[in-house]
Amino acid sequence: MAAFGVALLFLVAPALAQVTPACTGDCNNDGLVTVDELVLGVNIALGNALLSDCAAMDGNGDGEVTVDELIVAVSMAISSCPVPSATETQTPVPTASDSPTVPLPTDTVAPSATEVPSASPTASPSATVSDTPLAPTPTATSTAMPTDTPSPTTAGNFCELPGSVQTTAGGLVVIPGGSPSAPNLRFLHLPVGFCVHFFANVGNARQLRFAPNGDLFVASPTTFTTGGGANGKQAIVVLPDDDHDGVADSQILFLRGLKSTQGMAFTSNTFYYQDGTKIMQMAYNNGDRKPAADASLLANITIFTSSLHWPKAIDVADDGSVYVANGSDQSEPCQNSRPFRGGILKLDGMAGGRPIVKGFRNPISLRCEHGHNLCYAVELARDYTENQGGREKVALIREGDDWGFPCCAADNLPYPDIRPIPDCSGVTPESGSFVIGHTPFDIDFETGKWPAPWNNRAYIPLHGVFGTWVGARVVGIERDPLSGQVLPGSDLGGTSSGAMKDFVTGWDDNSRTHGRPANVAFAPDGRMFLGNDNTGDIIWIAPIGM
């Protein structure tokens, strides 16, 4: 329906190209109206997305998006936006989300985060890229283990920082002060003994990674994804917190011009990032907030290219192996030959990477647990198959494994509409399984700094069902204390069970005003950081007293 609507608008738009001089439809205020933004506008008009996802579609400010406004947006896409008379300025951040500000007296106002461009105009993705893929930089002794960050000013008690919302046995306790732009986080339900705190706002925050010195890097793409995130920056952004007040000091544009970026990874001396199908690498020195050198091409993942599920996730194992996840399509046919489309590739010098795991539809996340040389993928399986045995999966990465898509829902469980009936006896059993549509989006590992029973778990943010956010939450799954492997857990029965336990809830309160959690990263100091690609809000969670 959305595609048909956009096509129809392109046919009639030229006749109305001069309706308004405003740049209707420019969701991220970059001076362009893209097809992705037009699709988002159609979804808003159909009621499948929120107006807050792209307020620029509402040209007359009446609180809705009409066909006339969509036509104007298409005309802007065709003829380009009017050039503003004033000098363009960087957008200040963080911005307020749809949630109201906490109505408390402000004793201490934390500095707002202001976007700061990278100081080096030549250090960008347009820097020289070698024509021949290079061998991976990391060696057997090079791992992505970050170093400790400096101790915060209030050492040992993050939850006493101004703006913290503590969950105690007696109820919520809000520490006065904090950023005046912070959203109200009281809608979140945490276990007793934990607090939550606003950190920054970055549009369409799709992935978080910590540099070895503790700086948070955020991937903010603009290419259309079904997540529907708005106001992406086409950039990788650094969010330092040098004054240790729990709020980002600024937004530093580390790399620009990255419309289709998501995957990032660090070792002690290398930064990896993904740009469309390309996996790039550059030298990294501890504390770099601008590129130290030009980027070079590590691999171009073209073995199969999906327009929606392009390569996204990258990580580095303890032994130095670099892995990348590649997506397939919902419409992939079941073939006896089972060619590689969606799966995991190992970047070991072979051009385009070497396929080692197959049978994924959309491995949205890949993360390596350090200390046991284990890596896991989070798989978004075939849509609309919850009544056919389908389930989203947490998958241990092991060379030679087959995860079944598009033929099998799980081990020994073929999809009932596939003919002839496929042999699913060789499909790998999953560690964790989720209801189709609950949409596990990322994974990271707590390393023992938290109190029991929340320590040493794998944490997974669930994006929730599209359009309703049902199931949006964060769960923690126990890991075996000796092997480090994720233990079996599931919510297929309607609630989290086995080794799986709900950790943070509150997003799916039927209001759709809070966005939904999309990514997770543990800081070297032990705090959990969560990104929200719908609202752009980035928050952190910590045990009280840590």
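**Close-up 1. Salt bridges across the predicted model.** In this predicted model there are 16 salt bridges, a salt bridge being a side-chain nitrogen of Lys or Arg within 4 Å of a carboxyl oxygen of Asp or Glu. Local features need pLDDT of at least 70 and side-chain atom pairs count only at pLDDT 80 or more, whereas totals for chains, interfaces and linings use all residues. Residues are numbered from 1 along each chain as its sequence is written, and side-chain values use heavy atoms, with hydrogens and water left out.

**Close-up 2. The salt bridge of Asp444 with Arg367.** The N to O distance between these side chains is 3.1 Å, and the pair links strand β23 (residues 444-445), which holds Asp444, to strand β17 (residues 362-369), which holds Arg367, across 77 residues; strands (E, at least two residues) are DSSP runs numbered from the N terminus. Asp444 is buried at a relative accessible area of 9%, and Arg367 is buried at 5%, where buried means under 20% relative accessible area (1.4 Å probe, protein chains only).

**Close-up 3. The salt bridge of Glu369 with Arg479.** The closest N and O atoms of this pair are 3.0 Å apart. Glu369 lies in strand β17 and Arg479 in the loop between β25 (473-478) and β26 (489-490), so the pair ties together parts that are 110 residues apart in sequence. Glu369 and Arg479 are both buried.

**Close-up 4. The salt bridge of Glu430 with Arg391.** Here the closest N and O atoms are 2.7 Å apart, and both Glu430 and Arg391 are buried.

**Close-up 5. A network of salt bridges.** Asp215, Asp242 and Arg289 are the residues linked in this network.

Definitions and conventions. Helix = DSSP H or I, 4+ residues; strand = E, 2+ residues; numbered from the N terminus. Buried < 20%, exposed > 50% of the residue type's maximum accessible area, 1.4 Å probe, protein only.
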